[in-house]
Structure formats: structure tokens, C-alpha cells
Amino acid sequence: MNTRFAVKDRRLQRGAAVVEFAFIFPIFFFLMYGTLVYGYIFVLNQSVNFAAQQAAEAAVAVAPDADDFDALRQQRVTEAVNDAFAWLPAAQRSRLVVCDGAVCPVDEVDNTISVEVEFTLSTPGWLFPVIDMPGIGAIPPMPNLLRSTAAAQL
């Protein structure tokens, strides 16, 4: 084989590798970015479910004959949710809403309390930015809100 042609072929192939990398890199980048973001959202969703369950259990644990029973129950519910999200930075914990910011409703007929926990993802300052691609849309597409409800009989 003539070495002069082999050297020329290698020089021509260098440009092909750069072009291939330019096509493949965005795909791999968005695949890895989406995996990271959805993994974090999955953990947040499980935490919202866990927080609602813990808050409902905390509401049941309050003695009914305690002074200011409703306020104490709401305080325990809020503390349980905050404890479940203790791992989250304070700026992100501000996105939590328990029972729409009001006292958790009690159904007098069934004697059950319903605790709803919401975590907003769509407000500014979110940990992961959404990348808008022309012709494709938002990458990764994300839900605006994570919500979970738990009920417990008093």
C-alpha cells in the first residue's frame, strides 16, 4: 500500500469525525439532561406522596381533648410536611403548599381529615432550566405541579 494515499485518507476522515460529533452530541446531551431532570422530579413526587402520608398520620396523633385542637393539628401537619422535605434547600421548600394554605378540611360525616400537599415546578427560580428548542418545544417537558392527597380517619 502506498503511504502517501494512507496519510491523505486520514486527513480527510478528521473532518468527518467532527461533523458526526456535531450531530450526535446534542442528542446525547438532551438524553442525559432529561434523565437527570426526570430523576429529580421522580424523587420530588415520591417526597410529596410521603409528606402527605406523614402529615395525615401526624393529624391523627393529636389528642382531641387538647386546647386549641384545630390549630395544634394544623401545626403538626405543617411540621410533618416540613420534616419530610428537610433535605430540600429552603428556596425550594418555599414552593410547598399544604391544604391550599388553609386549615386541612375535616369531613364531619366520616370523621376523616384530608391533607393535600402541592409542589410547584413552573415558577421562576426552578433548579433546572427548560430549554426551548425551535421546532421541538420545551426540553424536557415537565409538569407544572406535583400534588398528593392523603386521608386519615380521626
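Student: Let's start with Gln 74: is this residue buried or exposed?

Tutor: Buried means under 20% relative accessible area, exposed means over 50%, and partly exposed lies in between (1.4 Å probe, protein chains only). Gln 74 has a relative accessible area of 14%, so this residue is buried. A word on the source: this is a predicted model, in which local features need pLDDT of at least 70 and side-chain atom pairs count only at pLDDT 80 or more, while totals for chains, interfaces and linings use all residues. Residues are numbered from 1 along each chain as its sequence is written, and side-chain values use heavy atoms, with hydrogens and water left out.

Student: Which residues does Gln 74 touch?

Tutor: With contact taken as heavy atoms within 4.5 Å, Gln 74 touches Val 98, Ala 102, Val 103 and Cys 104, leaving aside residues up to four places away in sequence. Val 103 is 29 residues from Gln 74 in sequence, yet their C-alpha atoms are 6.2 Å apart in space. Gln 74 itself sits in helix H2, residues 69-84; helices (H or I, at least four residues) and strands (E, at least two) are DSSP runs numbered from the N terminus.

Student: Cys 104 is in that list of contacts. Which residue does a disulfide join to Cys 104?

Tutor: A disulfide is a covalent bond between the sulfur atoms of two cysteines, here taken as a pair of cysteine sulfur atoms within 2.5 Å. The partner is Cys 99, with an S to S distance of 2.0 Å, and both cysteines are buried. The torsion about their S-S bond is about 90°, so the disulfide is right-handed. A search of the whole structure finds one disulfide.

Student: How many salt bridges does the structure hold?

Tutor: Two, where a salt bridge is a side-chain nitrogen of Lys or Arg within 4 Å of a carboxyl oxygen of Asp or Glu. One pairs Arg 73 with Asp 70 at 2.8 Å, N to O; both lie in helix H2, three residues apart, about one turn of the helix. Arg 73 is buried at 5% relative accessible area, whereas Asp 70 is partly exposed at 43%. Glu 118 and Arg 147 form a salt bridge too, at 2.9 Å, N to O. This pair links distant parts of the chain, with Glu 118 in strand S3 (residues 112-120) and Arg 147 in strand S6 (residues 145-153), 29 residues apart.

Student: And how many helices and strands does the protein chain have?

Tutor: Three helices and six strands, running α-α-α-β-β-β-β-β-β from the N terminus on. Of the 154 residues of the chain, 29% count as buried.
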